[in-house]
Amino acid sequence: MSERPGLRERKKQQTRLAISQVATRLFIERGFDQVTVAEVAEAAQVSVNTVFNYFVTKEELFFDRAEEVEEAPSRIVRERRAGESAVDALHRGFLDVVKGKKEPLRAERLRPFMATVEASPALRARGRLMLVRSEARLAQTLIEQTGAPADDPTARVVAAMVIGLERVLVEELVARVLRGDSDAEISAALSRLGERGFELLRSGVGDYCT
């Protein structure tokens with residue numbers, strides 16, 4: 001009896017992933033704005049209602065990991081090492097990404113995805129919204145981790161600085177991937193930009209949330 005909820009949840013996750021994979025393929029092949037949710041449902045062999053049971057908006061079909069991405073900076077801060085500041089923890093997380101510790105950077109794999117985003121005003125807007133939501137989450141996490149009052153402006157300012165750097169790094173990544181730079185060139189450029197960004201952050205708020 002106790003395993004049934006787990007099995008049900010796994011099946012739901014599998015269905016969600018299958019729908020998203022079909023949708024992403026269609027969006028990349030034909031363009032996000034040229035594909036309807038009804039066409040996604042037909043290709044995935046589910047009803048339109050089923051699609052919306054798993055995804056609130058059409059954009060979520062493409063950005064199916066939006067929740068994970070928006071939560072990432074907050075998660076890194078919450079899971080930081082003892083005595084480690086928020087900036088140091090985020091810097092460490094950045095290095096893990098650039099060095100490919102969790103997932104190697106593959107420009108060839110990223111290019112179709114990023115090109116689809118750049119070609120769609122709706123997806124570009126959704127990408128910006130993800131950064132806004134991530135910033136709000138990080139500000140709340142910093143308030144909770146420091147025990148500061150809810151109206152303390154420091155957490156909001158630090159969160160804005162961190163996510164501002166993330167935005168710059170994402171823009172650099174997208175530009176270089178679409179330009180056709182090699183994986184090594186992209187990693188080196190992101191490393192230089194990120195290191196300078198975190199150097200500036202550390203000089204201003206390096207000991208915040210220790």
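Which residues do ring pairs link into a cluster? They are F27, F32, F62, F63 and F113.

## Ground rules

This is a predicted model, where local features need pLDDT of at least 70, side-chain atom pairs count only at pLDDT 80 or more, and totals for chains, interfaces and linings use all residues. Numbering runs from 1 along each chain as its sequence is written, and side-chain values use heavy atoms, with hydrogens and water left out.

## Ring pairs

Searching the whole structure turns up six aromatic pairs. Here, rings of Phe, Tyr and Trp (its six-membered ring) pair if their centres lie within 6.5 Å; planes under 30 degrees apart are stacked, over 60 edge-to-face, and the rest tilted.

One of them is F27 with F62: the centres are 6.1 Å apart and the planes sit at 55 degrees, so this pair is tilted. It ties together distant parts of the chain, 35 residues apart, with F27 in helix 1 (residues 4-30) and F62 in helix 4 (residues 58-62). Helices are DSSP runs of H or I, at least four residues, numbered from the N terminus. F27 is buried at 0% relative accessibility, and F62 is buried too, at 1%; buried means under 20% relative accessible area (1.4 Å probe, protein chains only).

F94 and F198 make another tilted pair, 5.6 Å centre to centre with 40 degrees between the planes. F94 belongs to helix 6 (residues 86-98) and F198 to helix 10 (residues 183-205), 104 residues apart. Both F94 and F198 are buried.

## A charge over a ring

Back to F32 from the cluster: the charged end of K58 sits over its ring, 4.3 Å from the centre. That label needs NZ of Lys or CZ of Arg within 6 Å of the ring centre and within 35 degrees of the ring normal.

Notes. Helices (H or I, at least four residues) and strands (E, at least two) are DSSP runs, numbered from the N terminus. Buried means under 20% relative accessible area, exposed over 50%, partly exposed in between (1.4 Å probe, protein chains only).
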